[in-house]
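Here is a short briefing to read alongside the model. Have the sequence and the 3D view open, and we will go through it topic by topic.

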Amino acid sequence: MEQDRNRAQLVHRAMDLLIHNSRMHHRLIERLFGDSGVHRSQRKVLMFLSESTEPHSQKEIAERFDVSPACVTRLLKSLVEDGYVLRSDDKFDLRRNSVRISEKGKKLMDDTRRTFDKVDQRVFEGFDREEIESLCARLEHMQQNLRACEAEEEAKGSALN
């Protein structure tokens, strides 16, 4: 019983640290980008588009970032208006929008990539390659567990018990 309680406390501490580190990273990145007019989620989508040679549909973007298609529509609206993204009808399927990054967006992503790289390298100061690989493997394992939980809950149609 005591062992279960200690494990539960350790798991709770680990989750708190993961969440807190994510928030600290987010806050630092936001501070470094200042009032650029492009917020974090827009930068993530731009980064994704900049790494692709082919255009993507809004549905693909929504799936990639695990958000609703409506959220992607809102996010892309200002990126299109500001000239960072180009959106057009798919020539093979008129119900589908094709989204790709513009030259202006590519330039912004070059600057963004340099900033993220600098911050991320600082975050992992003192970690050797093996430690980083081990961390990645454990985080991927956690993602698999979370996906399994989501699938179970979707199958049950209820909240976690």
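Does Arg43 count as buried or exposed? At 4% relative accessibility, Arg43 counts as buried, where buried means under 20% relative accessible area, exposed over 50% and partly exposed in between, with a 1.4 Å probe and protein chains only. Please keep in mind that this is a predicted model, in which local features need pLDDT of at least 70, side-chain atom pairs count only at pLDDT 80 or more, and totals for chains, interfaces and linings use all residues. Residues are numbered from 1 along each chain as its sequence is written, and side-chain values use heavy atoms, with hydrogens and water left out.

- Arg43 is in helix α2; helices (H or I, at least four residues) and strands (E, at least two) are DSSP runs, numbered from the N terminus.
- Between Arg43 and Thr112 there are 7.7 Å in space, C-alpha to C-alpha, although they are 69 residues apart in sequence.
- Leu49 also belongs to helix α2, and counts as buried at 4% relative accessibility.
- Leu49 and Glu125 are 76 residues apart in sequence, and their C-alpha atoms are 29 Å apart in space.

**Pockets**

- Rolling a probe the size of a water molecule over the atoms shows where empty space is left.
- On a 1 Å grid over the protein atoms alone, a pocket is an open set of points where a 1.4 Å probe fits, with protein on both sides within 12 Å along at least five of seven lines, and lining residues have an atom within 4 Å of a point.
- The largest pocket holds about 2,100 Å³ of space, a volume being the space filled by probe spheres set on grid points that are joined across faces, edges and corners.
- Its lining has 37 residues, of which Leu18, Ser22, Arg40, Leu139 and Gln143 lie nearest the centre of the largest pocket.
- Two or more lining residues of the largest pocket come from each of α1 (2-33), α2 (40-50), α3 (58-65), α5 and α6 (129-156).
- By class, this lining has 19 nonpolar, four polar and 14 charged residues; Ala, Val, Leu, Ile, Met, Phe, Trp, Tyr, Cys and Pro count as nonpolar, Asp, Glu, Lys and Arg as charged, and the others, Gly among them, as polar.
- The second largest pocket has a volume of about 300 Å³, and its lining residues include Arg7, Val11, Met142 and Cys149.
- α1 gives the most to the lining of the second largest pocket, with five residues, and the classes there are seven nonpolar, one polar and one charged.

**Helix α6 and its ends**

- The 28 residues of α6 reach 41 Å from first C-alpha to last, close to the 40 Å expected at 1.5 Å a residue; the expected span is 1.5 Å times one less than the number of residues.
- At the start of α6, a side-chain oxygen of Asp128 comes to within 3.1 Å of the backbone nitrogen of Glu130.
- Gly157 follows α6 and has a positive phi, near 70°.

- Ser102 sits in the loop between β2 and α5 and counts as buried at 7% relative accessibility.
- The side chain of Ser102 reaches the backbone oxygen of Gly83 at 2.5 Å.
- Glu103 is in helix α5 (residues 103-123) and is exposed, with a relative accessible area of 58%.
- Asp66, in the loop between α3 and α4, counts as exposed at 65% relative accessibility.
- Most residues other than glycine have a negative phi.
- Asp66 has a positive phi, near 55°.

Notes. Polar contact = N/O pair within 3.5 Å; in protein donor to acceptor, adjacent residues only side chain to side chain.
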